[in-house]
Amino acid sequence: RQLQWRMAACACACGDPMSALEIAQSPPIRWPGRFLASGPLWGPLAGVLLAALGPAPWGSRWHPGVLSLTHILLLGVIGNTCLGAALQFLSAAAGSRPAGGAGTWATLHALYNIGVFALSTGLLSMEPWLLMIAASLLAIAIPGAVLAMCIGLWRGRGERLLRGTLAIPLLFWCVAAGLGVALAIGLVGYWPLSFVTVADAHAIAGVAGTFGLLLIAAGRIVLPTLLGTARPKPRLFFRAFLGLTLLIVMAMHSRMHAEDAATQMRMVAAAMAIATALGLLALWRRARDRNRPMAAAWMLGLGIAHIAACIVAADPKRMGMAPIVSVLGFALPLLVLSVSLEISAFLAWIDLHLRSGRGVHVPGVHLLMPDRGKWHWLAVQCVAGTLLVMLALYPSQTLASLTGIASAVCYSLQAWVRGQPRRNVLRFLHRSGDRPCRT
């Protein structure tokens, strides 16, 4: 612990923005590391499924293939990455170490990923027993992880605004999980419910309430820290965040009561369009020489999300599934996975400090993960995302095969780039004569 405090002091003195986070509060590296490593592994599975299904699923949002692909991307890729990032971010930036020990988080990781696999295969095959297994596992894993993180936020000593705005999307994730369990039970036939209205409320809670609000809450700290943007005023940010939260709750309430939620949905989309526009403006005014690959990924991701939100705000039925697909399959991976690369480099930097002896000069975070690999991943991600949007607009077997191959290559490359800092740490330790040890 004293070594970690000295590392934090040295990082602040050196001016490394990622290293200057509160390292002394960081959890064991394996906690966030296993979630961050699991996220990209779901991408090749989605690619294989895209190529195998062909153009058939894109005629309806209720096709089993579309449902399976959506949950593979959102829960497998984005969900794992967000859990790993949140474990590190809560400790290092919000001063809130999550509750539980190593065994707790290893169990939650296993339950979560087994549940996601059972859910994706159950939705694809519509097997009742798979859906019930998935509902049981995810009903334990998601609330368990949220409870542990909320306990950490409650006990934390970081900024109250940050801790409060991080707790809200985590609670939305529990709501989305509860609605998902109800849908699984309804699909099996044990509980009669209005499937369409509950599914819409489930989607609103999961996409806008969980991942949308989580990116906004974390972006208030991440963008100034990593990209040099201006930090918004706390009171103005709190009012805007609270207003957006209320709009999401109103949209869910109207849809759950089988009312026409088009007005509320348009208001939520308009608010998201304003939020993404403000994010783009902040990025445009940033310090230009800092972390250009991540800045490019965020500008592109926010730009895509802004266009999709404007289309939904104007007419929710325009262009079919393309606006939603562009957000789920293009914008969200750009925003979330680009941050995960920085966190992976930060974790490797901590690992290197813990393994090195006193007085050893070690490379900084930016040297453990050079920009070249990030640019390569970003280029392939743009190709895969563009093909996915084109497939939603113009379904064909050729586009489905190309999109599947590009997606598999993209997420495999992201996994390789994410492991680059780890390989550089081992190479540095080998050259310095230190034997690697398990952390």
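Visitor: Which residues are linked with R61 in a network of salt bridges?
Guide: R61, D200 and R255 are joined in such a network. Please note that this is a predicted model.

Visitor: How far apart are the closest N and O atoms of R61 and D200?
Guide: The closest N and O atoms of that salt bridge are 2.9 Å apart. R61 sits in the loop between α3 and α4 while D200 belongs to helix α8, so the pair ties together parts that are 139 residues apart in sequence.

Visitor: And is each of them buried or exposed?
Guide: R61 is partly exposed, with a relative accessible area of 37%. D200 is buried, at 13%.

Visitor: How many salt bridges are found in the whole structure?
Guide: The search finds six salt bridges. Among them, R220 pairs with E159, with 2.5 Å between the closest N and O atoms. R220 lies in helix α8 and E159 in the loop between α6 and α7, so this pair ties together parts that are 61 residues apart in sequence. R220 is buried at 3% relative accessibility, whereas E159 is partly exposed at 35%.

Visitor: What about E342 and K374?
Guide: Their side chains also form a salt bridge, at 2.8 Å from N to O. E342 is in helix α12 and K374 in helix α14, so the pair ties together parts that are 32 residues apart in sequence. Both E342 and K374 are buried.

Visitor: What do the buried residues of α10 pack against?
Guide: They pack against α8, α9 and α11. The buried residues include Q264, V268, M272 and L283.

Visitor: Which residues form a nonpolar patch on the surface?
Guide: F238, L242 and L246 form that patch, with about 270 Å² of accessible area together. L246 is located in helix α9 and is partly exposed at 48% relative accessibility.

Conventions: Residues numbered from 1 in each chain as written. Predicted model: local features only at pLDDT ≥ 70, side-chain atom pairs only at ≥ 80, totals over all residues. Heavy atoms only, no water. Patch = residues over 30% accessible without salt bridge, like charges linked within 9 Å, V, L, I, M, F, W, Y side chains within 5 Å. Areas by Shrake-Rupley, 256 points an atom, 1.4 Å probe, with all protein chains shown as cover. Salt bridge = Lys/Arg side-chain N within 4 Å of Asp/Glu carboxyl O. Helix = DSSP H or I, 4+ residues; strand = E, 2+ residues; numbered from the N terminus. Buried < 20%, exposed > 50% of the residue type's maximum accessible area, 1.4 Å probe, protein only. Contact = heavy atoms within 4.5 Å.
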